[in-house]
Amino acid sequence: MELDLAGAELPSVLNRLRRAQGQISGVIRMIEEGRDCEEVVTQLAAASRALDRAGFAIIATGLQQCLGNADDGGKPGADREQLRVRLEKLFLSLA
């Protein structure tokens with residue numbers, strides 16, 4: 001199945017990935033500078049959370065699309081968005 005990230009999902013996922021990218025660059029810089037271990041680990045954990053959240057958003061969107069494709073009748077946009085949000089929250093609870 002091809003994932004179609006469009007509308008509100010795309011900017012959110014891209015922002016999370018860019019945030020993780022910046023945090024990882026920061027971790028590399030911190031290690032090169034010999035910064036405190038606790039600071040490095042804290043920043044690394046933040047990057048990991050940003051990646052997890054982006055991944056879960058993609059998973060939730062994909063599942064919503066799968067469910068939407070299975071339901072030929074379709075659901076109104078607000079119902080679909082609520083389903084996507086619920087699925088995302090479910091996966092985030094596993095993080």
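Let me start with Arg16, which is buried, its relative accessible area being 17%, where buried means under 20% relative accessible area, exposed means over 50%, and partly exposed lies in between, all with a 1.4 Å probe and protein chains only. This arginine is found in helix α1, and helices here are DSSP runs of H or I with at least four residues, while strands are runs of E with at least two, numbered from the N terminus. If we leave aside the neighbours within four places in sequence, Arg16 is in contact with Ala50, Arg53, Ala54, Ala57 and Glu88, contact meaning heavy atoms within 4.5 Å.

Residues are numbered from 1 along each chain as its sequence is written, and side-chain values use heavy atoms, with hydrogens and water left out.

How much confidence does the predictor place in the protein chain? The mean pLDDT, which is the predictor's confidence in each residue from 0 to 100, is 79 for the protein chain, and 74% of its residues reach 70 or more. Among the elements, helix α1 has the highest mean pLDDT, 91, whereas helix α3, residues 77-93, has the lowest, 73. Where pLDDT is low, the predicted coordinates should not be read in detail.

As for the overall picture, the protein chain has 3 helices and 0 strands, and 27% of its 95 residues count as buried. Of the contacts in the protein chain with a separation of 6 or more, 68% are between residues 24 or more positions apart.

Staying with helix α1, which covers residues 9-32, we also find Arg19 there, and this residue counts as partly exposed because its relative accessibility is 47%.

Which residues make the nonpolar surface patch? Leu10, Leu14, Leu17, Ile24, Ile28 and Leu51 make a patch of about 450 Å², and helix α1 gives the most to it, with 5 residues. Patches are made of residues with over 30% relative accessible area and no salt bridge, like charges being joined within 9 Å and nonpolar side chains (Val, Leu, Ile, Met, Phe, Trp, Tyr) within 5 Å. Leu10, whose place is in helix α1, counts as partly exposed at 35% relative accessibility.

Finally, how many salt bridges does the structure hold? There are 2, a salt bridge being a side-chain nitrogen of Lys or Arg within 4 Å of a carboxyl oxygen of Asp or Glu. Arg35 forms one with Glu33, the closest N and O atoms being 3.5 Å apart, and the side chain of Arg35 also meets that of Glu39 in a salt bridge, at 2.7 Å from N to O.

How values were computed:
Predicted model: local features only at pLDDT ≥ 70, side-chain atom pairs only at ≥ 80, totals over all residues. Areas by Shrake-Rupley, 256 points an atom, 1.4 Å probe, with all protein chains shown as cover.
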